[in-house]
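Here is a short report on a pocket and a few individual residues. Start with the structure itself.

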Amino acid sequence: MKRSNHLMEQILDRNNLYLAFWKARKGKNALTYVADYRNDLEGNIDQLQREIANLEIDVGNYHYFKVYDPKERIICAAAFKERVLHHALMNVCHTTFEQYQIYDSYASRKGKGQYAALERAIIYQKKYKWFLKLDVRKFFDSIHQQTLINLLAKKFKEKALISIFSKIVSSYSTSVGCGLPIGNLTSQYFANHYLAVSDHYVKEVLKAKAYVRYMDDMVLWDDNKDKLLDIGNQFAHYIANHLKLELKPFCLNKTHYGLPFLGYVVYKDVLRLNTNSKKRFKRKLSTYNDKLVSSTWTEREYQSRILPLLAFTQKADSKLFRASCLKI
């Protein structure tokens, strides 16, 4: 496949850099560091343009914090000017990444997302007798950086762009030569591209009939469980050898027992919340209500958090559960 070329000129275009700033500041206008950047916007854009052109980008200035929902993870918040850089790159490189994705890859893509993945899963739950759920062990921490750079070099021709990608990738590690920072825009693209290689292997070489991937959560369906296990074993061997990744133990079951996927249990005719999602909802609801009552949050802040929480449960058959929690 022909590699994308002549992208650096587009990345360096001032209109692209201004667009990158406006995307990076979205929802953060009131923050001091955004105001500081905006107050000298021309100067900051000039500096960013020079740093990109001279391959002297300043990256790796992360603020680290932990989140515990749905599991403990370390989030890396890049400095604001790095976020502007990330948007400048992906504004232009997005099309190349997107064109390599298969239809049934759903994470971090416009027009896709969690609920689209669930709707697709429901279709396959109705159609097939068996499912095989696969999950990569410590996916972001395990991404092999040189392998990632090699994959990127197969898609992007310009050495200058690959050099910038390499500096961003190597700005963080969980072990020698491994890891991507959770929280970066670039990490979403890089991680999705890393597994896109295995998507093509599953669909084009292993000839899987039904397959859905949401980042590192993958599900296969078939009427023959032995065939599913064979595909799963070949897939595990492939990503171990080509991507240096390890799968968690397989989850193989009949579809009528329900598929645990993305916080839900997917049945043939209904979607239900899984046990952890119910516990998380109760915990968050209690915390949010306490912050509203104590005036820690304004009503507007409370609404901005409670509405997405309710929306997650409303996707499932959970009316009675919500009523019991809300005491309606």
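## Lys 244

The model is predicted, and the values here are computed from it.

Lys 244 sits in the loop between α11 (225-242) and β6 (251-254). Its backbone deserves a check. Phi of Lys 244 is near 60°, a positive value in a residue other than glycine. Most residues other than glycine have a negative phi.

## Leu 262

A positive phi also turns up at Leu 262, a residue other than glycine, where the angle is near 55°. Leu 262 belongs to the loop between β7 (259-261) and β8 (264-266).

Is Leu 262 buried or exposed? Leu 262 has a relative accessible area of 14%, so it is buried. The cut-off for buried is under 20%.

## Arg 120

Arg 120 is part of helix α6, which covers residues 114-127. With a relative accessible area of 24%, Arg 120 is partly exposed.

Which residues does Arg 120 touch, leaving aside its neighbours within four places in sequence? The contacts of Arg 120 are Tyr 103, Asp 104, Tyr 106 and Val 212. Tyr 211 is 91 residues away from Arg 120 along the chain, yet their C-alpha atoms are separated by 9.2 Å.

## The second largest pocket

The second largest pocket holds about 570 Å³ of space. It is lined by 21 residues. Those closest to the pocket centre are Lys 23, His 87, Leu 185, Gln 188 and Tyr 189. Helix α5 supplies the largest share, with 6 residues.

How do the lining residues of the second largest pocket divide by class? There are 7 nonpolar, 8 polar and 6 charged residues.

## Where the pocket lies

Why does the second largest pocket lie between domain 1 and domain 2? Both domains give residues to its lining, so the pocket lies between them. Domain 1 spans 1-100. Domain 2 is made of two segments, 102-143 and 180-269.

Notes
Residues are numbered from 1 along each chain as its sequence is written. This is a predicted model: local features need pLDDT of at least 70, side-chain atom pairs count only at pLDDT 80 or more; totals for chains, interfaces and linings use all residues. Side-chain values use heavy atoms; hydrogens and water are left out. On a 1 Å grid over the protein atoms alone, a cavity is a set of points where a 1.4 Å probe fits but cannot get out, and a pocket is an open set with protein on both sides within 12 Å along at least five of seven lines; lining residues have an atom within 4 Å of a point. Grid points are joined across faces, edges and corners, and a volume is the space filled by probe spheres set on the points. Helices (H or I, at least four residues) and strands (E, at least two) are DSSP runs, numbered from the N terminus. Ala, Val, Leu, Ile, Met, Phe, Trp, Tyr, Cys and Pro count as nonpolar, Asp, Glu, Lys and Arg as charged, and the others, Gly among them, as polar. Domain bounds come from an automatic or database domain assignment. Buried means under 20% relative accessible area, exposed over 50%, partly exposed in between (1.4 Å probe, protein chains only). Contact means heavy atoms within 4.5 Å.
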